Amino acid sequence: MNKDLQNLIKLSKIDKEATKLEPQIAEIEDEVNIKIKLQMQSQDELESLKTDTKRIKLEIANNELLINENSEKLAQIDKKIANVKSEYELRALDAENGLAKEKIAFANEEISRLEKELEAIKDKEKELLQAIELATKDIEETKIEVQKKTAKIKLELQKIFDSKEKLAKSIDNKVLVFYEKIRKWAKDTSVVVVKKQACSGCFIRINDKVYSELLKSDDIVTCPHCGRILYIQE
Ligand SMILES: [Zn+2]
């Protein structure tokens, strides 16, 4: 077999190994990225709880204001009742008194409901803060792990590239450029074996003329259908 072809077969196997390793780095880095994303979600949740707290506190203050206003009103009504001149006036003041008391009772109910909401928010905040703290530690640890793992893979890749470089030096430059050109579209199936007189890249049968050329000639032969470099398993 053509010496360059022999080396090309080896080279394509080396390239295949590198292709397998490269996505592993992204996968490992994803471990950290997913955790960071989750932590950011917790932080967003915490922020929205702070906004809720502000809103509820404002609502409580408004209800307190309402209670004060109506308490004052009650005091005024009491004064007026002491000096009441007619039955009609008394009834009107009674009605006003009832309304003010109702408003106070309602505002008090609102305040206790809102205070319960605040308590629940505080508990949730505490939970989130704890979760964020744990996640921070976990992320730091995972980062270290990821660095170790990716460093190992990068080292393996470096070894692969070194052996590729060494091998590439022994291949005719024209052949190498030709191979890289095919690799742009055929990726890891740029150099393929012929099985049962068919290209194992496109799986189309090779005509007898090209097949006999492949068997006899020492030249590099490409598939007439897809253009991949062909070889016969020896
Ligand atoms: Zn083909």
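This is a predicted model: local features need pLDDT of at least 70, side-chain atom pairs count only at pLDDT 80 or more; totals for chains, interfaces and linings use all residues.

Residues are numbered from 1 along each chain as its sequence is written, and side-chain values use heavy atoms, with hydrogens and water left out.

**Exercise 1.** Locate the domains of the protein chain and state how far apart their C-alpha centres lie.

*Solution.* Begin with the bounds, which come from an automatic or database domain assignment: domain 1 covers 16-170 and domain 2 covers 172-234. Next, take the C-alpha centres of domain 1 and domain 2, which lie 62 Å apart. Finally, turn to the contact (heavy atoms within 4.5 Å), to which domain 1 and domain 2 each give 5 residues.

**Exercise 2.** Determine how much area is buried between domain 1 and domain 2, and which residues of domain 1 supply 71% of its share.

*Solution.* Buried area is the accessible area (1.4 Å probe) that two parts lose on being put together, summed over both. For domain 1 and domain 2 this comes to about 380 Å², with carbon and sulfur atoms giving 41%. On the domain 1 side, Lys16, Thr19 and Ala168 supply 71% of the area buried against domain 2, more than any other three residues.

**Exercise 3.** Identify the salt bridge between the side chains of a glutamate and a lysine.

*Solution.* Apply the criterion of a side-chain nitrogen of Lys or Arg within 4 Å of a carboxyl oxygen of Asp or Glu. The count between domain 1 and domain 2 is 1 salt bridge; glutamate 180 and lysine 164 meet in a salt bridge at 3.5 Å, N to O.
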